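These are my notebook entries on one protein chain.

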Amino acid sequence: MENIQENLVKITERIRKAELANGRTENSVKLMAVSKFHSAEEIISTVGAGQLLFGENRVQEAGEKFPDIIKEYSQVQLHMIGVLQTNKVKNAVKIASCIQSVDSLNLLQEIEKQCTKIEKNINILFELHTGEESKSGFLTEEDLIEAIEFCRNGNCPHIVPSGFMTMAPFTNNEVLIHKSFIKARETKEKMQKLYPEFRFNELSMGMSGDFEIAIEEGSSLVRVGTAIFGERIYS
Ligand SMILES: *Cc1c(COP(=O)(O)O)cnc(C)c1O
């Protein structure tokens, strides 16, 4: 537990350093603690250290941990960051303030439908496929544009499109990691120009192994799991 709080301090320092080194505004990069496979107790220990933004991959696991935590600590926010099946959307929108992993028009429509039922507005990020290895995210610009355009014209009154998310390929080759993040940043800039009615402020990229590169390339939100909580034990 003490380790977790120490790790959090270390990561925060590294983020501030990367901001400074890259001419980014101080405190402009948000830190999400990715708590998948870690217990409510571990999560609460980071809340005690001031961490309020969390990410989870699986709806069921998040649903077991977060409602109680949010009841007790009302400032805690949860984002869903994993592949989301349409039959899980109903529960996802109940507990999350943002769905970062929107990768199809179909999913977008289901999110709108479920948010309408519970009269809740939700932020979403469009997930971009930017690296060879990753399987998730919009593959073509055509599909991305179709989804963004669906959000116009009052189709999605409960959805607030807030930006983009991506995962770099899992590799030691920094050139490939840069390339992936650059592609995401350029897509964000292009879509912002095409659709000025939206505020695509968020660019969610960077994990434990590559968040400094992501900050260099313009990330506004890094998603860090292992470097805060330690290795995940998949059981
Ligand atoms: C698990 C996960 C992370 C965190 O990964 P670490 O390498 O443990 O920091 C970030 N983003 C997504 C989408 C993830 O699934």
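Entry 1, a helix. I looked up helix H6, residues 141–150, and found Leu144, Ala147 and Ile148 buried; buried means under 20% relative accessible area, exposed over 50%, and partly exposed in between, with a 1.4 Å probe and protein chains only. These three cover an arc of only 100° around the axis, which puts them on the same side of H6. The arc is taken from the directions from the helix axis to the C-beta atoms. Helices (H or I, at least four residues) and strands (E, at least two) are DSSP runs, numbered from the N terminus.

I then asked what the buried residues of H6 pack against. The partners are helices H5 (105–118) and H7 (174–194), together with strands S5 (122–128) and S6 (159–166). Contact here means heavy atoms within 4.5 Å.

A note on the source: this is a predicted model, in which local features need pLDDT of at least 70 and side-chain atom pairs count only at pLDDT 80 or more, while totals for chains, interfaces and linings use all residues. Residues are numbered from 1 along each chain as its sequence is written, and side-chain values use heavy atoms, with hydrogens and water left out.

Cys151 sits in the loop between H6 and S6. I checked its burial: Cys151 has a relative accessible area of 8%, so it counts as buried. Leaving out residues up to four places away in sequence, Cys151 touches Leu108, Phe126, Cys156, Pro161 and Phe198. I also took the C-alpha separation of Cys151 and Gln109, which is 9.3 Å, although they are 42 residues apart along the chain.

I found Arg223 in strand S8, residues 221–224. What does the side chain of Arg223 reach at 3.1 Å? It reaches the backbone oxygen of Thr166.

I listed 9 helices and 8 strands. Buried residues make up 49% of the 235 residues. The C-alpha trace spans about 50 × 40 × 35 Å along its principal axes.

Key. Polar contact = N/O pair within 3.5 Å; in protein donor to acceptor, adjacent residues only side chain to side chain.
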